Amino acid sequence: MKRGIKHDFSLLALLLIPVGVSLNVVGYQLSTILKLPVFIDQIGTIMVSMIAGPWIGLLAGLLGNVVNGMLNPIAIGFSIVSVSVGLVSGYFSKWRFYTNIFGIIIACVLLTIVQAFSAAIVTVFLFGGVTGAGTDLITATFLATGRELWNSVVSTNLISGAVNTIINFGISWLIIRKVPDRFLIKLNYGAPYIKKEVNVNG
Amino acid sequence: MDSRIGNLYPSSKFTFIILIILLSMLVPGFIFQYMIFLFIFLISLFSGTAIKFLSTFMKSIPILILFIFIFQVFLIVNEDSQQIWAFIHFSQIGLMTSLTMTSKIVAISSSIIWFFQVTRVKDIIYALEQSGVSQKVTFVIASTIQLIPQMLNLSRTIADAQKSRGIETEGTLFVRMKAFIPMIGPLVLSSIQQIEERVLALESRAFSSKAKKTSIYELRKQKIDYIIVIFCILVLIVYIVWRIKL
Amino acid sequence: MSIISLININYTYPLEEKQTIHSLSLDLEKGCVYGLTGANESGKTTICNIIRGFIPELYKGELTGEVMIKGKNINDYNIGDLATIIGYSFQNPFTQLSGVKDTVYEEIAYGMENIGVPRSKMIQKVDEIVKMFQLEDLIDKNPFELSGGQKQRVAIASVVALDPEIIILDEPTSQLDPKSTEDIFEIIQLLKKQGKTILLVEHKVDLLAAYCDEILLISRGELVMQGPVKEILSNPKVVEYGGQLPQVALYFIKKAKANGSSVSQVPLTVQEVYDHLNKDGEV
Ligand SMILES: Nc1ncnc2c1ncn2[C@@H]1O[C@H](COP(=O)(O)OP(=O)(O)O)[C@@H](O)[C@H]1O
Ligand SMILES: [Mg+2]
């Protein structure tokens, strides 16, 4: 797939960005309605990055945080996390990690690490180790046991990041299985998820 | 938003908050930054958005600030930390860190909240278009802003429908987790079908035309807009020169 | 010269084994209204997409044959510029809005914005379109808050605002109530008066009989019948191909058969029935 970056931005791919952002918002709302302990608010970003590639994934992540930032400016600080997740997950899709179980495991591990470190950087440097969410209690516990701030925040984020990645990725993957082939064929990164054998020059 | 401030050109307000953000980062200490909060609150009063401003601010910022103080002052061990009880310490350094950090967070976030409360997204998009930002970018922003409320509505409809079809949304964590997929799955599939059709509809409206776009919506810069921008730039220059000379 | 010519078109969707459109050739003349009809899934929408160039550009798949628009091969047009030559509105009223405008007024202007029409000209044109489509009461509303019929009218208005010579309407009334359907057909008549070439996909044969010049009948991806309305919609073969005939036509065909007279005389619309009966002295 050696095409210019411009090639990634077909109108169909562009339209996936609003859909991805909205899915994140809906996911967040549903998580609160269902009183889930984790926020399933990255499905949009991950799903879009899987079928439309790293750049669209990056933009979906960024725009999602900016839109949230209109009501809660803290979210803007955490843009870098969604941006990294969208970008990295998109590359994994491009390199066809998501077509086999080993690839998926490696991708999830790496995504967790990326997410944890980018979140830790923002948390420590912009917000003194705090995010204003429930996970702060875990960080506080680590601090209480005498760990350093950076160490505590990274540990917290590795735990929450792993849970988040597995759930968000798992749901995205399940849903993409249900997306019709005729839609996937129109997307540059949709081919790995097509169920039917590709014939002619499709 | 129909106030005088609401009707200013977006870039004037944007320059203003950029000035505030830069100053909050450049000015040492924390008093100035905390004063910014009061200042923004005052402007919100003039903009007719004071109540909205306070309620949005209170929803997210105070808890964050409280946690920062707890972490920095009582939990993190600094050179000057003195044990109070078990893992709880007191640190003067931590207190200073908290004050400088939280004051910046307060100043910057209050100006961002204010900006979005007094600036229509429509105006922001118009200003972006006028300043030469790619049509694709403004298109994506505009459609995201329009789509989110629709998707939220649709998700509520789907959630109700699924509930009435017997999908359990109460009970153990596992049961609630399992409810997630039938709620979001149909939403994804229907929105995918919709964007497939919307591509055609947009192409029928010449979306891919190479021509330079025009706009039927119009927002004119007033004299006051120029004054604000020049004023902001002057303030910044004066401050920097003053700091260097000091 | 025909305004649209399809020359020996064959098309297969990607991932499909079976070909969808088979050796289709077609000439459409300027200023005429064509009714494209046929059973569900027979390939009507596919043909529209081929004429508009969305196939193969957006759908991919394998297309052979030639599409000529105003005597020029479609590949020589840019997909963006074609919007000003071919207007195209779709079946589903809910996905036809731009999704970026918050008033009907701006929605109508959206296409013109994209092709860079100067603002003052744009305002003039929108006003003209609003009047033509009788949208005065809706202009300040959010397009998403409209009913299906209103959305469909706004969608067609937005496409017509680009002043295309050719207009393709793919089942514009399939989700509409009778009143909204009537409104759409009145607009079609207006467009015809302005000299537009119209390709109308429609199942409601009674309306086709009243408003079209020619009928194209598609069956399983093949163009099986083509000709003047009178000729086609009185031919019992249409039913064999999965198409429909107007109720009155069916009645008179039966009657003609019983009398042993020719079927080309069959009346198709209420007016024609009236004239027919008048002539026979039955009224
Ligand atoms: N995107 C697509 N991919 C594969 N097959 C399609 C696609 N769109 C339509 N078809 C198939 O092509 C045939 C013709 O469909 P269509 O042109 O939509 O028919 P009509 O408009 O007459 O109802 C149908 O069998 C349909 O299933
Ligand atoms: Mg169809």
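**Exercise 1. The ligand site**

Start from one contact: a nitrogen atom of ligand 1 is 3.5 Å from an N or O atom in the side chain of Arg182(A). Which other polar atoms approach ligand 1, and which chains surround ligand 1?

Solution. 
- Note the basis. This is a predicted model, where local features need pLDDT of at least 70, side-chain atom pairs count only at pLDDT 80 or more, and totals for chains, interfaces and linings use all residues. Residues are numbered from 1 along each chain as its sequence is written, chains are lettered from A and ligands numbered from 1 in the order in which they are written, and side-chain values use heavy atoms, with hydrogens and water left out.
- Go to chain C. A polar backbone atom of Lys44(C) is 2.8 Å from an oxygen atom of ligand 1. Thr45(C) brings a polar side-chain atom to 2.6 Å from an oxygen atom of the ligand.
- Ligand 1 alone exposes 560 Å², and the protein buries 80% of that. Such areas come from the Shrake-Rupley method with a 1.4 Å probe; for residues, only the protein chains shown count as cover.
- List the shell. A residue is near a molecule or strand if one of its heavy atoms lies within 4 Å of it. There are 13 residues around ligand 1, and Glu41(C), Gly43(C), Lys44(C), Thr45(C) and Thr46(C) come nearest.
- Draw the conclusion. The site is shared between chains, because residues from chains A and C surround ligand 1.

**Exercise 2. Make-up of the shell**

Solution. 
- Define the elements. Helices (H or I, at least four residues) and strands (E, at least two) are DSSP runs, numbered from the N terminus.
- Pick the helix. Helix α1 (residues 44-52) of chain C gives the most, with three residues.
- Sort by class. The shell has three nonpolar, six polar and four charged residues. Here Ala, Val, Leu, Ile, Met, Phe, Trp, Tyr, Cys and Pro count as nonpolar, Asp, Glu, Lys and Arg as charged, and the others, Gly among them, as polar.

**Exercise 3. Helix α4 of chain B**

What span should helix α4 of chain B have, and how many of its residues are buried?

Solution. 
- Get the rule. The expected span of a helix is 1.5 Å times one less than its number of residues.
- Apply the rule. Helix α4 (residues 92-118) of chain B has 27 residues, so it should span 39 Å; its end C-alpha atoms are 39 Å apart, which agrees.
- Check the cover. Buried means under 20% relative accessible area, exposed over 50%, partly exposed in between (1.4 Å probe, protein chains only). In α4(B), 19 of the 27 residues are buried.
- Look at the start. A side-chain oxygen of Ser91(B) reaches to within 3.3 Å of the backbone nitrogen of Ile93(B).
- Move along α4(B) to Ser103(B). Ser103(B) counts as buried because its relative accessibility is 0%. A polar atom of its side chain lies 2.9 Å from the backbone oxygen of Thr100(B).

**Exercise 4. Pairs and domains in chain B**

How many Å separate the C-alpha atoms of Phe16(B) and Phe231(B), and where do the domains of chain B run?

Solution. 
- At 15% relative accessibility, Phe16(B) is buried.
- Read the pair. Phe16(B) and Phe231(B) are 215 residues apart along the chain, with C-alpha atoms separated by 9.1 Å.
- Assign the domains. Domain 1 covers 10-119 + 218-245, and domain 2 covers 135-203. These bounds come from an automatic or database domain assignment. The C-alpha centres of the two domains lie 36 Å apart.

**Exercise 5. Backbone exceptions in chain C**

Which peptide bond is cis, and what phi values do Lys70(C) and Gln134(C) have?

Solution. 
- Recall the background. Most residues other than glycine have a negative phi, and most peptide bonds are trans.
- Find the cis bond. It runs from Ile55(C) to Pro56(C), with omega near 5°. Pro56(C) lies in helix α2 (residues 54-57) of chain C.
- Take Lys70(C). Its phi is positive, near 50°. Lys70(C) sits in the loop between β4 (62-69) and β5 (72-73) of chain C, and is partly exposed at 35% relative accessibility.
- Take Gln134(C). Its phi is also positive, about 50°. Gln134(C) sits in the loop between α4 (119-132) and α5 (148-160) of chain C, and is exposed, with a relative accessible area of 60%.

Definitions and conventions: Polar contact = N/O pair within 3.5 Å; in protein donor to acceptor, adjacent residues only side chain to side chain.
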